[in-house]
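Student: I have a structure open and would like to learn how to read its features. Can we go through them in turn?
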Amino acid sequence: MKDELILLAHGSGGKLSHDLVARVMQPAFANPALDLMHDGARVEAAGARLAFTTDSYVVKPLFFAGGDIGKLAVCGTVNDLAVSGATPLYLSAGFIIEEGFPVAALERIVASMRAAAAEAGVSIVTGDTKVVEKGAVDGIYINTAGIGAVIAGADISPLNARPGQDIILSGPVGDHAVAVMAGRHGLKLPATVASDCAPLGGMIGAVLAAVPQVAVLRDPTRGGLATTLNEIAAQAKVGIMVEEAAIPVRPEVQAVCDILGFDPLYLANEGKVIIFVESPYSEEVIAVLRAHPYGREARVIGRVTAAPAGQVGLRTGIGGVRLLDMLIGDQLPRIC
């Protein structure tokens, strides 16, 4: 309808985001690589299998416990390449800066990007800088794009989800969103509440080297664990059942959610991975994850089912089952 307007919730990564992309962007740009709707597109160039991705970062505040917009921009793109089954190699960085932005803050952000890129083993090889009038943006926005080499033998796709597969989560959910929210509103929380922002390429590469049978990889960023599982269930036309008692949430994060009315299953994460694999390989996957600093609390949280297709259920602590739908609106805007 011609009078419709874009809302903040259209950028939440939830159902409104999904519907907007499916209605406006996907039909216009349709091609086999895009239509898979993964975190990164798999393409071929001169016989090489590559993964290619891009993302833009508008987080508010720019600096928060556990990270900043620069670290987030590097880690987010590295992780999108990693969950596409690729070794991250090269990034671009585009800066849109508001007139009057402190140079010292820009230097701090760039230093953070350099450190994150070094840890991830990637090089930032090209970029762009634009400065716009005061008020045109909120401080600074960063876009990063990345290229990676698809790991030999890796076949990662949401369409690979099959009934009977285990679902593994690498650690507690909700840390990033709560840390950003606390920074935005000046809330004093325990030092243990910090963003999980981290580059996961090394850990995921180790998993794929040990267990190339891994079928699906996703990082539960915007929309959180529940929305990501819904996307996979819908694409693969399978059901998913997860166990509430098995999903790790830090007590401090859960307490904040209880007070403010947030559901941690829908909160964004920037350093977690979801892995679908046949049950006989689960123990080996978890062993590799737990041997890495970013996966020490990994565990099986559920299983793929044959039905109901496209739906995600949560078995609660008292034995009931609650439908976990896709996030509709926006619990916390501008968290990445």
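Student: Is Cys336 buried or exposed?

Tutor: Buried means under 20% relative accessible area, exposed over 50%, and partly exposed in between, with a 1.4 Å probe and protein chains only. Cys336 has a relative accessible area of 11%, so Cys336 is buried. Before we go on, note that this is a predicted model, where local features need pLDDT of at least 70, side-chain atom pairs count only at pLDDT 80 or more, and totals for chains, interfaces and linings use all residues. Residues are numbered from 1 along each chain as its sequence is written, and side-chain values use heavy atoms, with hydrogens and water left out.

Student: How many disulfides are there?

Tutor: A disulfide is a pair of cysteine sulfur atoms within 2.5 Å. By that rule the count is 0. Take Cys336: the closest cysteine sulfur, in Cys197, is 10 Å from its own sulfur, which is too far for a bond. For Cys257 the closest cysteine sulfur is in Cys336, 17 Å away, again too far for a bond. Cys257 is also buried, at a relative accessible area of 1%.

Student: Which strand does S5 pair with, and in what sense?

Tutor: Strands are DSSP runs of E with at least two residues, helices are runs of H or I with at least four, and both are numbered from the N terminus. Two strands pair if DSSP finds at least two bridges between them. Strand S5 (residues 86-98) pairs with strand S6 (residues 123-132) in the parallel sense, over 9 bridges. Between S5 and S6 the chain passes through helix H4 (residues 103-120), and this β-α-β crossover is right-handed. Right-handed means that, with the strands pointing away from the viewer, the path from the first strand over the helix to the second runs clockwise.

Student: Which residue in S6 is the bridge partner of Phe95?

Tutor: The partner of Phe95 in S6 is Thr129.

Student: Which residues make the nonpolar surface patch of about 510 Å²?

Tutor: A patch takes residues with over 30% relative accessible area and no salt bridge; like charges are joined within 9 Å, and nonpolar side chains (Val, Leu, Ile, Met, Phe, Trp, Tyr) within 5 Å. A salt bridge is a side-chain nitrogen of Lys or Arg within 4 Å of a carboxyl oxygen of Asp or Glu. Here the patch is made by Val43, Phe52, Leu89, Tyr90, Val125 and Ile147. Val43 sits in strand S1 (residues 41-45) and is partly exposed, with a relative accessible area of 31%.

Student: What is the phi of Ala46, and what is that of Lys237?

Tutor: Ala46 has a positive phi, near 50°, though not a glycine. Ala46 lies in the loop between S1 and S2 and is exposed, with a relative accessible area of 89%. Lys237, also not a glycine, has a positive phi of about 55°. Lys237 is in the loop between helix H7 (224-236) and strand S10 (239-243), and is exposed at 62%.

Note on methods. Accessible areas come from the Shrake-Rupley method with a 1.4 Å probe; for residues, only the protein chains shown count as cover.
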